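Here is a note for a colleague who is new to this structure. Please read the points with the model open beside you.

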Amino acid sequence: MQRYSDCPQVLRDFLTYHETIKGQSQLTIQEYYLDLRMFLRFIKLMRSDMPIHTRLDEIDIKDVDIDFIRSITTSDIFDFLSYLANDRTPDPDAAVPTFGIAPAARARKLSALKSFYKYLTVRTKQLSENPVADLEYPKLRKSLPKYLTMEQSAALLQAVSGANAKRDYAILMLFLNCGIRRSELVGLNLTDVYEDRIRVVGKGNKERFVYFGTACRKALDEYLVERNKKTLSDNRALFGSRDNNRISVTAVHRLVKKALLQAGLDATQFSAHKLRHTAATMMLSGGVDVKTVQEVLGHENLNTTQIYTHIENTELKIAAEANPLSKLDFLEDADTEDEL
């Protein structure tokens, strides 16, 4: 936990608990760290004599203790949520900064607060009252996830080029065939590749096997010829970077965006995560039942997977409307003939 040395001990203990006892992923731990650090900095700013224009990242919170946290009220929590909705800016140095963050981002921060206070009240019993226990999450607008069509997916694969073409092609094939997350792909090791499947470590360190077809197997085989000639700093890694390290989430994000642009697709509308949506949609379109898709994607809750059934229903409606016969109406003419 040396990387969280700018945090008070009570927050470091919470992060350690979720990392070692709960087995949460490093991405989740990092999000807890950033969200709760922001919250404590905000509360400290509101209670200090520092100038109101003081930036949150300038505030030291290492002296925060359990007594300080005990003094935080539900009203303080509301002030923080109001700040997120109206005053928080993702980029304060922008020429024209925007203010207020989306409901989904606010919901994530509230979720971090709920986990933190549950740990303090239920797990360690350092607090007797939980000021966020009854707070409701921001209302989220439900929207269908974006995904690539079959033609767009083919164009994306055909557009791959450059020095790392075989690596990038294999990565895109895994996304489109297996529907894995970026963090799951980055964590893949050479020993996780089997004849017709990969072993994936998902959220909460839960393992699952995901099968792939012959085209994906061929892409991996061609890449592995290249990979086996390299020695990486972490030589277990399936995918490496140009500097011979394990490929990073950021690097995967960049290579997907590059391929999208080369394919003439809107890189602002699609991403690596949208390729996961694409895989799920293609599976359902191919007749795979939603329960099986849930297992493939590693969703804990079936409701998370069922959103893709709405996509499938939309596609079926579009297909019905596209049928030229759907525009013809002979009933009126038939009724007229009967009258004659």
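**Notes on the model**

1. Start with helix α9. Its buried residues are Cys-216, Arg-217, Ala-219, Leu-220, Tyr-223, Leu-224 and Arg-227. Around the helix axis they cover an arc of only 160°, so they sit on the same side of α9. On the other side of α9, Thr-214, Lys-218 and Val-225 are exposed. The model is predicted, so please read every value here as computed from that prediction.

2. Next, the dimensions of α9. The helix runs over residues 214–227, which is 14 residues. From first C-alpha to last, α9 reaches 19 Å, close to the 20 Å expected at 1.5 Å a residue. What covers its buried residues? The cover includes α7.

3. Step back to the whole chain. The secondary structure comes to 14 helices and two strands. The chain has 340 residues, and 41% of them are buried. Take the contacts between residues at least 6 apart in sequence: 57% of these join residues at least 24 apart.

4. Which residues of α4 are buried? They are Asp-76, Ile-77, Phe-80, Leu-81, Tyr-83 and Leu-84. Seen down the axis of α4, these residues fall within an arc of 155°, so they line one face of the helix. Among the elements that cover them are α2 (26–46) and α5 (103–123).

5. Look at one residue of that face. Phe-80 is found in α4. Is Phe-80 buried or exposed? Its relative accessibility is 0%, so Phe-80 counts as buried. Leaving aside neighbours within four places in sequence, Phe-80 is in contact with Met-38, Phe-39, Phe-42 and Leu-113. Met-46 is 34 residues from Phe-80 along the chain, and their C-alpha atoms are separated by 9.6 Å.

6. Now a helix pair. Two packed helices are described by the angle between their axes and the distance between the axes. Helix α1 (residues 9–21) and α5 pack at an angle of about 90°, and their axes are 11 Å apart. Angles of 65 to 115 degrees count as roughly perpendicular, and α1 and α5 are therefore roughly perpendicular to each other.

7. Which residues of α1 and α5 meet? From α1 come Val-10, Leu-11, Asp-13, Phe-14, Tyr-17 and His-18. From α5 come Ser-115, Phe-116, Tyr-119, Leu-120 and Arg-123. The residues of this contact divide into seven nonpolar, two polar and two charged.

8. Arg-181 deserves a look. Where is Arg-181? It lies in the loop between α7 (165–178) and α8 (182–186). Its relative accessible area is 12%, and buried means under 20%, so Arg-181 is buried. Not counting residues up to four places away in sequence, Arg-181 touches Phe-175, Gly-202, Lys-203, Arg-208, Arg-276, Leu-297, Gly-298 and His-299.

9. Thr-250 gives another case. It is found in helix α10 (residues 249–262). With a relative accessible area of 47%, Thr-250 is partly exposed. Thr-250 and Arg-182 are 68 residues apart along the chain. Their C-alpha atoms are separated by 9.3 Å.

10. Two backbone points remain. Most residues other than glycine have a negative phi. Lys-125 has a positive phi, near 55°, and is not a glycine. Lys-125 is in the loop between α5 and α6 (150–158). Its relative accessible area is 62%, and Lys-125 is exposed.

11. What is the phi of Asn-244? It is positive, about 65°, although Asn-244 is not a glycine. Asn-244 lies in the loop between α9 and α10. Its relative accessible area is 34%, so Asn-244 is partly exposed.

Notes: Residues are numbered from 1 along each chain as its sequence is written. This is a predicted model: local features need pLDDT of at least 70, side-chain atom pairs count only at pLDDT 80 or more; totals for chains, interfaces and linings use all residues. Side-chain values use heavy atoms; hydrogens and water are left out. Buried means under 20% relative accessible area, exposed over 50%, partly exposed in between (1.4 Å probe, protein chains only). Helices (H or I, at least four residues) and strands (E, at least two) are DSSP runs, numbered from the N terminus. The arc is that of the directions from the helix axis to the C-beta atoms. Contact means heavy atoms within 4.5 Å. Axes are lines fitted to C-alpha atoms, for helices over the stretch in contact, and angles run from 0 to 180 degrees between N-to-C directions. Angles under 35 degrees count as roughly parallel, over 145 as roughly antiparallel, 65 to 115 as roughly perpendicular and the rest as oblique. Ala, Val, Leu, Ile, Met, Phe, Trp, Tyr, Cys and Pro count as nonpolar, Asp, Glu, Lys and Arg as charged, and the others, Gly among them, as polar. The expected span of a helix is 1.5 Å times one less than its number of residues.
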